[in-house]
Amino acid sequence: MTPVSTAAGSAIDALPLPVLPQADAPLEKIALETYVPLAKPSLIGLSRAEIAAQLGSIGVAPAQQKMRTAQIWHWMYVRGAQNFAEMSSISKDMRAQLEQHFTVARPEVVAEQISNDGTRKWLLRLPSGTAGEKAHEVECVYIPETDRGTLCVSSQVGCTLTCSFCHTGTQRLVRTLTPGEIVGQIMVARDRLNDWADRDTPNGNRLVTNVVMMGMGEPLYNFEAVRDALLIVADNEGIGISRRRITLSTSGVVPNIFRTGDEIGVMLAISLHAVRDELRNELVPINKKYPLEQLLQACRDYPGASNARRITFEYVMLRGVNDSLEDAKLLVKMLKGIHAKINLIPFNPWPGTKYECSDWDQIEQFSEYIFNAGYSSPVRTPRGRDILAACGQLKSETEKLSARERQALRAMAMTD
Ligand code: SAH
Ligand code: SF4
């Protein structure tokens, strides 16, 4: 240590080291609760083998289990039956027995808002599973367009991660959703839109044609449940939304990216948001665990990626942070050799955020640069502004409510 000659100097040396604000905010949060199964389980979200096992547990003979499972599957996922009584191809006794032990209940709708452009959002209540504990809530948004209808689905209540521009990142993680609660969101949408097959429309003209896992939560931190749910959603003998019409968005949980392609086979979207590790560490802190090079390698290795099945790179436009032309150039360079498209998302501000949305001119210049480099670079215009405008107006309301609004607005900004 350098000797100090002045009294003042020694006094300073004697001071305890200042407590600096932690440079490294925690990457991940711990779930506060786990799901506690309900007394009467729902058959929604179970695989065929699991349904058969449940039937076995109430005394259905093994020789009958396969046929009964197929019937129940059809009633639940093609016809959208809300209870066993409706399942008229199953014997009355069997229906009564099923009713006694199981449900086909989906999340309860506590609020529905309909925009004059047709966008709808539902606030859904999920059981907390713990006696006396407040029910949990997630939101699900339906965005109709001329050639499709996209449903934005949540995978967790809250999120483990702490992305600095995302409101969910500032909230605690409550728990992950079960496969039934994830499939249940699509079923609620079909219920409310009257979008189940009937005799007149056995196959075609569904309103919900696409699903994006872009609601609350990090889907790849709830991998098994998301996988099991999406396999049901894509099942041809049920809801039947093809894998090409399902997109899973991740902040970059590298070890589960390959598994997503391999075990689920859906379209992939990456929340990129920055082209330099230093900045991405700040915006999307999981980057410290899985830096850009690893993330891009996982994209190169993504099973099934091709020119017809491109990976979407989401890029939120933050004024003065990641929106320079230099960033656009680096972005184009970085994506070389990857079957990619870029989705520019205007930042949706929330109370207390330090970020602002880039100026429109800047977004256009950025977009033009990447377009000229050969990438489609749509800037998503938010939909359903009339019902979501409440977002900005609800600033003084609870944080939770504005977070939900933001989730929806953001989701809408991003459908393809
Ligand atoms: N956790 C996953 C999926 C949900 S977030 C993920 O991060 O990919 C869906 C998208 O919304 C992500 O691209 C996320 O980065 C983006 N997003 C989060 N907060 C936003 C905000 N305030 N404005 C615009 N987009 C936002
Ligand atoms: Fe979680 Fe995605 Fe928000 Fe990051 S952007 S905190 S991963 S929901």
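**Reading charged residues and a ligand shell**

Colleague: How does E263 count at 27% relative accessibility: buried or partly exposed?

Modeller: E263 counts as partly exposed, because its relative accessibility is 27% (buried means under 20% relative accessible area, exposed over 50%, partly exposed in between, with a 1.4 Å probe and protein chains only). Please keep in mind that this is a predicted model, where local features need pLDDT of at least 70, side-chain atom pairs count only at pLDDT 80 or more, and totals for chains, interfaces and linings use all residues. Residues are numbered from 1 along each chain as its sequence is written, chains are lettered from A and ligands numbered from 1 in the order in which they are written, and side-chain values use heavy atoms, leaving out hydrogens and water.

Colleague: Which residue meets R227 in a salt bridge?

Modeller: The general idea first: side chains of opposite charge can pair when their charged atoms come close. Here, R227 meets E263 at 2.6 Å, N to O (a salt bridge is a side-chain nitrogen of Lys or Arg within 4 Å of a carboxyl oxygen of Asp or Glu). This pair links distant parts of the chain, with R227 in helix α6 (residues 223–234) and E263 in helix α7 (residues 255–264), 36 residues apart (helices, H or I, have at least four residues and strands, E, at least two; both are DSSP runs numbered from the N terminus). R227 counts as buried because its relative accessibility is 18%.

Colleague: What is the distance between the closest N and O atoms of R259 and E263?

Modeller: They are 2.8 Å apart, and the two residues form a salt bridge. R259 and E263 are separated by about one helical turn, because they are four residues apart in helix α7. At 25% relative accessibility, R259 counts as partly exposed. There is a network of salt bridges here too, linking E224, R227, D228, R259 and E263.

Colleague: How many salt bridges does a search of the whole structure find?

Modeller: The search finds 19. One of the salt bridges joins the side chains of E139 and K121, at 3.5 Å from N to O. E139 lies in strand β3 (residues 136–144) and K121 in strand β2 (residues 120–126), 18 residues apart. Both E139 and K121 are buried.

Colleague: Where is R68?

Modeller: R68 is in helix α3 (residues 62–77). R68 is buried yet has no salt bridge, and D93, the nearest side chain of opposite charge, is 9.4 Å away (Lys and Arg count as positive, Asp and Glu as negative; His and the chain ends are not counted).

Colleague: Which residues are around ligand 2?

Modeller: Those around ligand 2 are C159, L161, C163, C166, G169, G217, E218 and S251 (with a heavy atom within 4 Å).
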